[in-house]
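Subject: Structure handover

Hello,

The structure is below, and my notes on it follow. Please read them with the model open.

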Amino acid sequence: MAKNKNLIYIAVSLIAFLVLAFLYSTPVFTGKQLFQHDIVQYRGGAKELIDYRENFDKETYWSDSMFGGMPTYQMGSRFEGDIIKKLDSYLNILPRPVNYLFLLFSGFFLLGMVAVRNWKYALLGATFFGLSTYFYIIIAAGHNGKVNTIEYFAPLLAGILLVYIRKKYVIGFIVTTLFFGLQVAANHPQMTYYLFLGLGFLFISELIRAILKKVPMKHFLISSGIIAGALIIGVGMNSQRIMANSEYIKETVRGKQVLTNDSHKAGNSGMDKASILNWSYGRLETLNLFIPKLMGGGSQEKFSDSYENKLRESLSGQINDENQVEQGVQSIVQQTTPYWGDQPGTSGPAYQGAVVCFLAVLGFFFASKKYRYWILGATILTVLLAWGSNFMPLSDFFIDYVPFYSKFRAPSSILVVVELLFPLIAIIGLYKFFTDQKLTEEYKKKILMYVTGGTLGLTLILILFGKSLLGFTNDAEKEIPNFILDVLIEDRLKLFRTDAIKALLYVGITAAVLFFVLKEKLNKNIALIIIGLVSLFDLWTVNKRYLNDENYVDKIFAENPFQTEGSDYLAEKVGDNANLQSILISIPVNKTLETIAEKDKKHYRIYNQVLGTTNETNTSYFKSSIGGYHAVKLRRYDDLLNEYIVQPDSVRTPKILNLLNTKYMIFGNPQEPQVVPNPNANGNAWFVSDLKFVSTPNEEIKSIGEIDSKKTAVINASDKSYFSNKPVQADSTATINLTKYEANELEFKSQSKTPQLAVFSEVYYPHGWKVIVDEKEVPYIKADYLLRAVHVPAGTHNIKMIFEPEVIEKGKWISLICFGLFIALSAFGIYFVYRKRDKRQIEIIK
């Protein structure tokens, strides 16, 4: 009876999560969809991939849409036999972001049930975790892979705790394997990596408990073996994705450096430290886990309503002309931001909630030791790592000595671990506070008094003396005139005090509730409801600053953000929605790109300087682009961009654009884009008879900005042996032309009287590309720092390039075998458990 009753409560909780998720996302009821910046960029960059999939009913693992061409492994490619990813898609079947919110809630509910085995606390903890502000910020931005990964954090930890703490080996193995596999399938390795840095403390804690004989060493070894096996199978189920990305990552900005310069040396692995440590959290900024606008909130947030009026008053004392005053006010508003922290900019704070933080601190005093110490250790480490450049001894150590740490940037995002562990320790501590008879009333009262006094006291001090203690300005603002800076500081102080007073109120209510429970003047269930409602109101209202109804747009805008025709109707639909203004602004550019693509259907690339070459995919939506928008670019192409494109010049940059077959260039502004045809583009392929051998990559990249690439190819000396018995002779009548183009297959026809070196305006990638001359596969080399080249004998030849990465087929079979192994082991484990249970029942009957 009790079991059935518990199942009813669990079902009701899941329904409650569904209701909460839909209530937060009410625009989905009218058919509206989220308008997410990164997803807009994805739609542009993945257009060729999506079109290929629809036209041929199969996948291409190479696309020429962005950055001269790159694998599609990080662009939404699908893998045949990827069963675990299909399962992920079924779990995320609800409309976005309802799917994410529901899984965040329900995943932590499972963790709560494992940790405290009480649905009430699990339900409370689920709202603590599922309403963490950072998740809503990344959903608004379109970091779907990141939040998709995070939604499996809690159930994965639940599986591990089932094995280590609950000694439920079979169900623990199933839950751990399943949710680790799903997490890997979500494809955000950085988040998974950060989670396991934190979970390392759980392993150490269990090892110490075994050494101290708190638990049998046999149990620890069995548990560790089960967890290890689960993780291996979870990885195995994602073999295609992992193997392809592992192969790819070596050639990208996350792999080894190619060039030697002031910031790095060739051969060094990962990014340079400046790139890794960009977006480091400030030490003081960590307190915005507790007070959201401690440092102003997000860079794009608004000042208070009185900010402009105060600026106007301040400027009026300096300028007599009213028009100049008004212009000055608008200019200052555009150039200043409420955020004044250490990061270059931020969409918002990693706010955890005043109630959650307060209860988490209490949890470190009340929770069981088997949870307390490892969660504390993981919290401290991740906070210190989040500081990044603000705590260099630790950052240096991890970058230099901890495997894979240098592959990731933006250390501030490691705070996701805190956002998982704070709600966990909060509900464990709260559960112990209400139920543990070993904790005396005197101890509870003393800890409650100290923590409440310390929290409220610190908050009051910041409210009263915050201006002198915090400053509310940063070094970059030193040049701002004092009469403007004073207004800026006052408004930031006002925003801070408003949120700080709210935190004071929320903590006060929570502490009072706990105190009345201790005095037996308030029922525990009522107390949980009050705490839940206060926290819900707190987090809900803060989250609505970053993800609200303005983030939802009509379906046509979400699915087709690259509009090419303006109209009064379109302008009316856009209205004053800031998220959609970019659609209207880009219409002239999109129309220009569409016109070029329709008039010239050949294969070439476009250089678009209007929208920011490396920060847009509008061009890629219509035609292959020199630029694009992607965090994991091929290393050599990124080097080329930094050397010649990011800061263009009139002499060297055109040489590179010619090399990349740039047939059209777009200059001007978004309202009046100007198309400039480039008659000097090298074309899809060309023959060269002059070879320039150089010793280092630095010489390669320098030389391509100096040579006439139509006649000369720059070759690294390491490839000199390629030309053994392969002479190259000039022939002014030689021709080579593209006869067929598909994303992963190109065909050329060549004719020459002498042997030639054919250089292709296609990015060199050493894994998966096959070059076939007259039905015979031949080796190819790298030329001009990043292009493909192949020796072609005299005569008429058909040359074919096909992208068929072997790693995809190998990975498919490993994935299928591991998924089958998971099913088989799970079935055997369940059978074993039930058989053992039946035997016990028989023995009892006897």
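A residue is called buried under 20% relative accessible area, exposed over 50% and partly exposed in between, with a 1.4 Å probe and protein chains only. By that definition, 56% of the 846 residues in the protein are buried.

This is a predicted model, in which local features need pLDDT of at least 70 and side-chain atom pairs count only at pLDDT 80 or more, while totals for chains, interfaces and linings use all residues. Residues are numbered from 1 along each chain as its sequence is written, and side-chain values use heavy atoms, without hydrogens and water.

Overall fold

The protein has 31 helices and 18 strands (DSSP runs numbered from the N terminus: helices are H or I with at least four residues, strands are E with at least two). Its radius of gyration is 30 Å, close to the 28 Å from the globule rule for 846 residues, so the protein is as compact as a globular protein of that length. That radius is taken over C-alpha atoms, and the rule is 2.2 Å times the number of residues to the power 0.38. Along the principal axes, the C-alpha atoms fill a box of roughly 100 × 95 × 55 Å.

Contact means heavy atoms within 4.5 Å. Of the contacts with a separation of 6 or more, 75% are between residues 24 or more positions apart.

One residue

Ser 750 is found in strand E12, residues 745-752. Ser 750 is buried, with a relative accessible area of 1%. Beyond its neighbours within four places in sequence, Ser 750 contacts several residues, including Phe 687, Thr 735, Val 792 and His 797.

Regards
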